[in-house]
Amino acid sequence: MLKTLLVLPLLGAALLWLLPSRSADVQRHLASLAAAGTMFCSWWLAASFDASSPDVQFFETRPWNPRLGSSLALGLDGISLAMVVLATILCFVAIVSSTTVRDTTRNGARLYFSLILVLETALLVVFAARDWSLFYVCWELTLIPLFFLIDRLGGANRHRAALNFVLYTLGGSVFMLIALLLLYDAAPEHSFAMVDMAAGSAELPVRTQVLVFLGLLIGFGVKMPIVPLHGWLPLAHVEAPSPISILLSGILLKMGAYGLIRAVWTLPAAALALQDWLAALALLSLVYGAVLAWRQTDLKAMIAYSSISHMGVVLLGIAALNPAGLNGAATQMVAHGFAAGLLFLLVGLLYERTHSRNLGDYGALRRSAPRFAVWIVFALLASVGLPGSAGFIAELHVLIGAYARWGGWLVLLSLAVLISAAYALRAIRCLSTGPERAFGTAAPGVAAFADLSRLEVAAAALLAGGSVLIGVYPPPLLRLLGASVAKLARQFAG
């Protein structure tokens, strides 16, 4: 079933090019079917997964380049399975919500949907890879569809945004590649297998392990992103089409955090030596991202900067190196994926109707578009960790884990939470309870500001439902993560 999961999006992309119809709606329906099939496959894997075992499950391997020691090794543990399920849900929502994509150029819609499906496969292989060479190749492969999706269909500064994104990520990948080659040289029999590299790293001096870890930290830190490696993120999020922003913030950032968790598992001595520095970077990202989000009037820019703050929570949980912190980090990755995905979905739908993302241009949506108002209020409150949402469970675990290690320094986390609440409540006031305004810049063909359609409500409900389900009843997710997190935390016990 794991192979089926990875092949289905590629099969959908191929069928799009074989489809004789050039209708964008027909192509969207076919892409949605492929994404839905992939999502149901991920749910089947989750239902079949033995959460009590920390071992890699559904493991498959085939030689890829035996002379280099690389293989097509795939498998899932609790952490990677959670990311796979999140990725398939967000890709499905991104495709379903792409209702404004049209064939303005030859094969425009066909190319758009096929690129998203190729991106989905690359994402899933990154989370399922058990060989660092396969991980790295698919990590880089995600850049190609994202570059064209932003560069062809983004906003006014799309060319600059796409180039910034690629250059930042490629720059970080150079450091990652050097670090992986050093680990490869230390691995028994020169193997790229993750298990072999972890075994080889234990033989390296701690100083060398620290240098290798720093290379991986730069590579993964660009993608998370960690301040000061975040320069690409605001422009890319603002200029990308809104469905692509759902993927950028919802799951692409999680690739960096997931890679960092694998780096901690591979180089535990280095992670322990740099623990306090990681926490300092996390607290800097937390406060810096929250302050900049508070200062934004562009809705997309506000969500983009808030993502930096929320990923700082993930980094702080990882840096704690204890079960509570690591559980909180993994849960926050899922929680932020749902909350940020929902926010970008709603902001994108607002922009399609009004051609404005400025907070000052909006009024009382609760009177003109009550469904919009309800969902936006929920999304903003969920993003700041309202009790009953997944973010609350995640931040509580991170707070407990980090407090056990750093105590009073966690006042900075509280400060970031307060600033997050401030910009969320300001946005709620502007969007939901402010004065009514006429939208003179309404999208062509829209006579009045239309409320959410049934399809749009269904897409929003899927993301909101995931957040509420985890927030109200977290045991299923915590059980899924528990054995893998406990295995990782045992390396730092005592």
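Predicted model: local features only at pLDDT ≥ 70, side-chain atom pairs only at ≥ 80, totals over all residues.

Reader: What is a salt bridge here, and how many does the count come to?

Author: It is a side-chain nitrogen of Lys or Arg within 4 Å of a carboxyl oxygen of Asp or Glu. By this rule, the count is 5. One of them pairs arginine 130 with aspartate 77, at 3.7 Å from N to O. Arginine 130 lies in the loop between helix H4 (108-128) and H5, and aspartate 77 in the loop between strand E4 (74-76) and helix H3 (78-96), so the pair ties together parts 53 residues apart in sequence. Helices (H or I, at least four residues) and strands (E, at least two) are DSSP runs, numbered from the N terminus.

Reader: With which arginine does aspartate 77 form a salt bridge at 2.8 Å?

Author: Arginine 262; that figure separates the closest N and O atoms. Arginine 262 sits in helix H11 (residues 242-266) and aspartate 77 in the loop between E4 and H3, so this pair ties together parts 185 residues apart in sequence.

Reader: Are these side chains buried or exposed?

Author: Buried means under 20% relative accessible area, exposed means over 50%, and partly exposed is in between (1.4 Å probe, protein chains only). Arginine 130 and aspartate 77 are both buried. Aspartate 77 counts as buried because its relative accessibility is 7%. Arginine 262 is buried too, at 7%.

Reader: Which residue does aspartate 276 bridge to?

Author: Arginine 405, with the closest N and O atoms 3.1 Å apart. The pair links distant parts of the chain: aspartate 276 is in helix H13 (residues 275-294) and arginine 405 in helix H18 (residues 390-406), 129 residues apart. Aspartate 276 is partly exposed, at 42%. Arginine 405 is partly exposed, at 36%.

Reader: Which residues do shared partners join into one network?

Author: Asp77, Arg130 and Arg262.

Reader: Where is threonine 142, and what does it touch?

Author: Threonine 142 is in the loop between helix H5 (132-141) and helix H6 (143-153). It is buried, because its relative accessibility is 0%. Contact means heavy atoms within 4.5 Å. Leaving out residues up to four places away in sequence, threonine 142 touches Leu119, Ala122, Leu123, Lys223 and Met255.

Terms used
Residues numbered from 1 in each chain as written. Heavy atoms only, no water.
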